[in-house]
Amino acid sequence: MDEKMHFMTEPEELLNWMKEHEEFKVMNKEDAQILLNYMEGHDYRLGTDKDGSLVRVDINTDEYEAEPYSLDDVIDIVCEWNDELIRYTSQELNELSQGQDKSSLEVKLASLKQDEIRLDKMFEQTKYPAEIEALAVQLADAFIERLGLVGIDQSVKELTDSIRSEPVKGGAR
């Protein structure tokens, strides 16, 4: 591990880093704690390198592997992990038979959905909503242009194919 690297273990550390590097994002201590908890739960830590840049550190390896990571990417990956956990927990809850105790899974699912509300607000502050909107406008314009040329059925098929072939870059949800 780089001697100059610093792990962020407390939400205040992330908030202090944000004051210098991400002033445009609105986040409180609870929001920062959610991000740190999800990173830790997936064997990562947030830190800063010797220059003060944000890095994501894989702590599941013998040598801590650090990679430059933006706060937008942190929020995006945590949103993705939360979505996966909600789907998995919901599926697990639905597969339980009537006699089994569902209360712990119901509590877990409620907690994940509370996280989701906070994470959605954080996600709206990232660069990804603008990218998604730009892609939507591009697809809508192409759809309207093709509508008059090939009809509605073919236009819908082309739109669907286009959506599948051009996901938003960067892993945005």
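This is a predicted model: local features need pLDDT of at least 70, side-chain atom pairs count only at pLDDT 80 or more; totals for chains, interfaces and linings use all residues.

Trainee: In what order do the strands of the open sheet lie, and which pairing do they have?

Mentor: The four strands follow the order E1-E2-E3-E4, and their pairing is antiparallel. Strand E1 (6-8) and strand E4 (65-68) stand at the edges with a single partner strand each, so one side of each has no neighbour in the sheet. On average, neighbouring strands are turned by 40° against each other, direction ignored.

Trainee: How is a pair of aromatic rings described?

Mentor: One gives the distance of the centres and the angle of the planes. A search of the whole structure finds three aromatic pairs. Among them, Phe7 and Tyr64 have ring centres 5.6 Å apart and planes at 75°, so this pair is edge-to-face. Phe7 lies in strand E1 and Tyr64 in the loop between E3 and E4, so the pair ties together parts 57 residues apart in sequence.

Trainee: Why does the pair of Tyr44 and Trp81 count as stacked?

Mentor: Planes under 30 degrees apart count as stacked, and the planes of Tyr44 and Trp81 are at 15°, with the ring centres 6.1 Å apart. Tyr44 is in strand E2 and Trp81 in helix H3 (residues 71-95). Tyr44 is buried at 18% relative accessibility, and Arg56 lies over the face of its ring, at 4.0 Å from the ring centre.

Notes
Residues are numbered from 1 along each chain as its sequence is written. Side-chain values use heavy atoms; hydrogens and water are left out. Two strands pair if DSSP finds at least two bridges between them. Helices (H or I, at least four residues) and strands (E, at least two) are DSSP runs, numbered from the N terminus. Axes are lines fitted to C-alpha atoms, for helices over the stretch in contact, and angles run from 0 to 180 degrees between N-to-C directions. Rings of Phe, Tyr and Trp (its six-membered ring) pair if their centres lie within 6.5 Å; planes under 30 degrees apart count as stacked, over 60 as edge-to-face and the rest as tilted. Buried means under 20% relative accessible area, exposed over 50%, partly exposed in between (1.4 Å probe, protein chains only). A charge sits over a ring if NZ of Lys or CZ of Arg is within 6 Å of the ring centre and within 35 degrees of the ring normal.
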